[in-house]
Amino acid sequence: MKCKITPELSSKDWKEFCSRFHFDNDKLPLIRAIYTAMLPLVDAFAYYSIKQDLPGVSLAHYAYGLVTLGNGADELSELYLNHEQLEEAYIADCLSLILLSNAYEQFAKAVEEESSLYAIELSFLGDEYPLELLPEIFEHVSPDGIHLTGSNMLMPLKTAALIIKLDSQKQKNIKELCNTCANCKNLSCPSRKALVLSCHTPMVPCRFLISDTEALLFLV
């Protein structure tokens, strides 16, 4: 199944953005300008299945799939990098991570409507479930516009593979689904207190190399 998604930053996202990613508040006009430029470029979709047919997943009810922002967010960051505008590129990546996080919530809502069950937990591959499931998920949901490389990297970069646990009883708000922060291995998750610039996870790889870290920390 394929679902169009339209993520946006909420007022709560804006309130927490600078502290989460270590920007001074005087950077907000620049951040908002980049967000305004990015939003029309975002072409977000979820490709998913509610069949219980993944090997090694023993949940009674679950859905799985891929969520992507499309190529636009990557291309904007790449444009800034090509012009050696590291701060702008970093801001664009931070914004796209928040948008992707919000896209997960819309994906969960779509799954609830399709399954008539409640989403009660969201998990990324590489944490509770092995990365080896990625080719299987990719084959089952047949996403157009997403590519899986030979090294199990998803393209566009702002694409994530995830599994949603479902239940007949509602247990928590959708915003609280990702509840594995204490043991989470997804270093680029926007819910973390700070973005780890050297992360290269197969789900949402960061475009910045470790050699860029000092320069970026100086900028922010």
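**Figure 1. Contacts and overall make-up of the protein chain.** Among contacts (heavy atoms within 4.5 Å) in the protein chain between residues at least 6 apart in sequence, 74% join residues at least 24 apart. The model is predicted, so that local features need pLDDT of at least 70 and side-chain atom pairs count only at pLDDT 80 or more, whereas totals for chains, interfaces and linings use all residues. Residues are numbered from 1 along each chain as its sequence is written, and side-chain values use heavy atoms, with hydrogens and water left out. The protein chain holds six helices and seven strands, taken as DSSP runs numbered from the N terminus (helices H or I, at least four residues; strands E, at least two), and along the sequence they follow the pattern β-α-α-β-β-α-α-β-α-β-β-β-α. Of its 220 residues, 50% count as buried, where buried means under 20% relative accessible area, exposed over 50% and partly exposed in between (1.4 Å probe, protein chains only). The chain exposes about 10600 Å², of which carbon and sulfur atoms supply 51%, the areas coming from the Shrake-Rupley method with a 1.4 Å probe, with only the protein chains shown counting as cover for residues.

Figure 2. Strand E1 (residues 2-5) pairs with E2 in the antiparallel sense over four bridges, pairing being assigned if DSSP finds at least two bridges between two strands, and the bridge partner of Cys3 in E2 is Ala46. E2 also pairs with E3 in the antiparallel sense, over five bridges, and here Ser49 has Tyr64 of E3 as its bridge partner.

**Figure 3. The nonpolar cores.** A nonpolar core is a set of buried Ala, Val, Leu, Ile, Met, Phe, Trp, Tyr and Cys residues joined through side-chain atoms within 4.5 Å; the largest has 45 residues, and those with the most contacts inside it are Phe17, Phe23, Val67, Leu95, Phe107 and Leu162. Helix H4 (residues 86-115) supplies the largest share of this core, 15 residues. Leaving aside residues up to four places away in sequence, Leu95 touches Leu9, Trp14, Phe17, Ile31, Ile34, Tyr35 and Met38. A second, separate core of 18 residues includes Tyr47, Tyr64, Leu66 and Leu125.

**Figure 4. Helix H1 and its cover.** In H1 (residues 11-21), the residues Asp13, Trp14, Phe17, Cys18, Arg20 and Phe21 are buried. Seen down the axis of H1, these fall within an arc of 165°, so they line one face of the helix; the arc is that of the directions from the helix axis to the C-beta atoms. The face turned away from the buried side carries the exposed residues Ser11, Lys15 and Ser19. What covers the buried residues of H1 includes helix H2 (28-38) and H4, and just after H1, His22 takes a positive phi of about 65°.

**Figure 5. Helix H5 against the strands.** The buried residues of H5 (residues 134-141) are Leu134, Ile137, Phe138 and Val141. They cover an arc of only 100° around the axis, which puts them on the same side of H5. Their cover includes strands E2 (44-49), E3 (62-68), E5 (147-148), E6 (154-155) and E7 (159-167). Just after H5, Ser142 takes a positive phi of about 45°.
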